[in-house]
Structures are given as C-alpha cells and as structure tokens.
Amino acid sequence: MTQSAWLLSAYRADSHAAWADWLVGACDAYNWRRFELPGRHFAWRIRGNPLSWLDALADGPPPERFVATSMVDLATVRGLHPRLASVPTLLYFHENQFAYPTRNRQTTSIEAQMVQVYAALAADVVAFNSAFNRDSFLAGLSALLTRLPDRVPSGVVERIEGKSIVLPVPIEPIEPMPERDPALIVWNQRWEYDRQPERFAEAMRKLAERGVEFRLALLGARPPHVPPALAQLRRMLPDRIVVDAHLPRAEYRTLLARAGLVVSTSAHEFQGLALLEAVSAGCLPLVPDALVYPEIYPAEYRYPVGDLDALVGRLAGWLGGGRPMPPDVGPWRTENLAPRWRAVLESTSRYS
C-alpha cells in the first residue's frame, strides 16, 4: 500500500519551487499532499506559516511521514496539531538565517533564527544542502547561545548535530554543445545585493580595459526596477552584451550549453544551483574562495574573496587560452542524488 507523505514549504519561489517539484516526482512511491505558500513577504512567511495553515492542516488523517523546509515553524505546527507530533519528519535547510549577509537583512531580530532552531529541535532528521550550510548554522547557533542571558540548556548544538546530514538538491545536467563560444561569460544569478553584482560589473570593466576579447550573457532573475549593476554594464559595455534577459527555461539551458565561463561574486551561497547547472553544461566556473564553493570546486576555480584583480587576472589568462578543463559536478546530478533522497525518506523515523 502506498504510504502518505506531506510536503510543507513556506516559501515557494525559484529554487525552492524547483526542488519541491523534483522531490514529489522523484520520490513517487509516496502519495504526496503539498502545502506551499507563495514566495513573498519573507518576514511574514517565516513567522506566520502555522497561522496560514491553521485550517488547512486541521482535517483528515495524519501522513505517515512529512518533509518541511527550514522556513516552516515546525515546533508550532506540531503544537497546534498534536496528531502530527509523532509523524516522522525530515526538516530540509536550503539556507539558514545565521549565515545571510548582514546588510539589508529581511528581518531585524533573532526571530527567524529561533524559528529554525526550534524547528531543528522538533525534527527527527535535519538535512542540509551542503556542509557549509550545516556548519554555519551550527556555528551561528553556538554563538547565539553564548549571548543569551540565562537558563540555556546544555548540548543544544549537539542534539541537532547528532541528527544532521548533508543532502544536496540535485541538478538536471545540461548536455554541452560541440560548438561553444569560449569567450562568452555568463552571469546567471539573481541581481540582488547578496550576489554583489556590482563587483561583477566592475570586474568586467577592468577586463575590457585590458583589451581582452569577451562577450556577456546577462541572465538571472531581476527585480522590476533595473539594478544599478545591470544599468552600469549596459552603459559601459553595450557592444559586448549578446544576451540581456531572464530567459525561458529551454532557451536558458541552450545558452549555457554553448557558453564558456560562469562567474560568481556572491557574498551568500549555500549550494549554488545556477553555477552547478552552468558547469554541468561545460562552463568554467570562477568563484570566491569561501562559502560553499571550496567543497564543490578545486582551488584552480577559486579566487581570493574580494580580490577583483585576481578575478580579472584569472579570467584574462583563461580567455587567452590557458584554461583548465571544467570540474566534475557528477555527484550533484539527479541520477546520483535521487537514490539517496529516497533512502533518507524511507529511513526517517520518529526519534531516529
């Protein structure tokens, strides 16, 4: 008999949505019921999701297991719905609120952090999409506990660490095209402050000043207003821009399959699906030597954090012909990760 399973996702947007769709399709041995909230109003979503689901979760028999994302206030959900308290639960961390860049934070208190702490304590298995995500969460929690005034129990970090695993989000690989444009540099991340696109724009300006031949594909989701970094690139390097759009999925994959390089200047990355997709398509990555990147990319694909001259110098060398082969991202491909996801779901049990 098919087991029932619930998926609770408090913020359905971009990679969260793609992961949820993949999970339900890949783990089709379960009869899934999905509860998802729109990916907007972050502060309200992370604090208010139990209220938003108050009636939706109230009726019917409980599932035999469920998966919740780390934005779900799992402790409150279980408290409001006692019949869910004994259901084996996997809590999945796409991100953690201890390791976001501090400028322009989406919340101004520790409330979002505490939602995730209580959820991790309430879950049976806690899965992170990278070791960096896990380690930065546990380190942030440890630092927070030392600042609390009193009555802090011992072993909180160890309780969560003992039931934590690393389980990345899989990528659907892109078949590289035989004919590529090795001088085509891709930006395929969001045009938001945590990705530091202004650093990318400055690096491209410096690269052009060196007289290096290259072209730009400016992709990635963008807000309604034109981000300053994008406006700067349009103004400084109009003749080098060959694509400037948030492309439909099929066109996006086709472009990656013929591009040469993909660059990150991010101050925040817990797994980096956009870069992994580009590398699966044959692009050479150049990324900061920090965040999740060291556990994915060897040293020759990393530059010192904040050192734009090193970034530009490495790009110039690669574009001049001395480039390595693309790194292997096979461990993150869906055919390798799907069996692990199924095994984890099957083995998740109460007080495991």
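Student: In this predicted model, which helices each supply at least two residues of the lining of the second largest pocket?

Tutor: The two helices are α7, spanning 197-209, and α8, spanning 228-236.

Student: How is the lining of the largest pocket divided by class, and which helix gives the most to it?

Tutor: The lining of the largest pocket has 21 nonpolar, 13 polar and 11 charged residues, and α1 gives the most, with six residues. About 1,400 Å³ of space lies in the largest pocket, and of its 45 lining residues, Ala13, Asp14, Ser15, His16 and Arg190 lie nearest the centre.

Student: Why is glutamine 189 called buried?

Tutor: Buried means a relative accessible area under 20%, and glutamine 189 has 4%, so the term applies to this residue. Glutamine 189 has its place in the loop between β7, residues 184-187, and α7, and, leaving aside neighbours within four places in sequence, its contacts include Arg195, Leu219, Val263, Glu269 and Tyr293.

Student: How do you know that the side chain of glutamine 189 makes a polar contact with valine 263?

Tutor: The side chain of glutamine 189 reaches the backbone oxygen of valine 263 at 3.1 Å, whereas the cut-off for a pair of N or O atoms is 3.5 Å, one of them able to donate a hydrogen and the other to accept it.

Student: What makes leucine 207 stand out in the largest nonpolar core?

Tutor: Leucine 207 is one of the residues that touch the most other members of this 62-residue core, along with Ile185, Met204, Leu216 and Tyr297. Helix α11, residues 308-319, gives the most to this core, with seven residues. Leaving aside neighbours within four places in sequence, leucine 207 is in contact with Ile185, Val212, Phe214, Val312, Leu315, Ala316 and Leu319. A second, separate core has 39 residues, among them Leu74, Val77, Ala122 and Leu141.

Definitions and conventions. Residues numbered from 1 in each chain as written. Predicted model: local features only at pLDDT ≥ 70, side-chain atom pairs only at ≥ 80, totals over all residues. Heavy atoms only, no water. 1 Å grid on protein atoms, 1.4 Å probe; cavity = no way out; pocket = protein on both sides within 12 Å on 5 of 7 lines; lining within 4 Å. Points joined across faces, edges and corners; volume = space filled by probe spheres on them. Helix = DSSP H or I, 4+ residues; strand = E, 2+ residues; numbered from the N terminus. Nonpolar A, V, L, I, M, F, W, Y, C, P; charged D, E, K, R; others polar. Core = buried A, V, L, I, M, F, W, Y, C linked by side-chain atoms within 4.5 Å. Buried < 20%, exposed > 50% of the residue type's maximum accessible area, 1.4 Å probe, protein only. Contact = heavy atoms within 4.5 Å.
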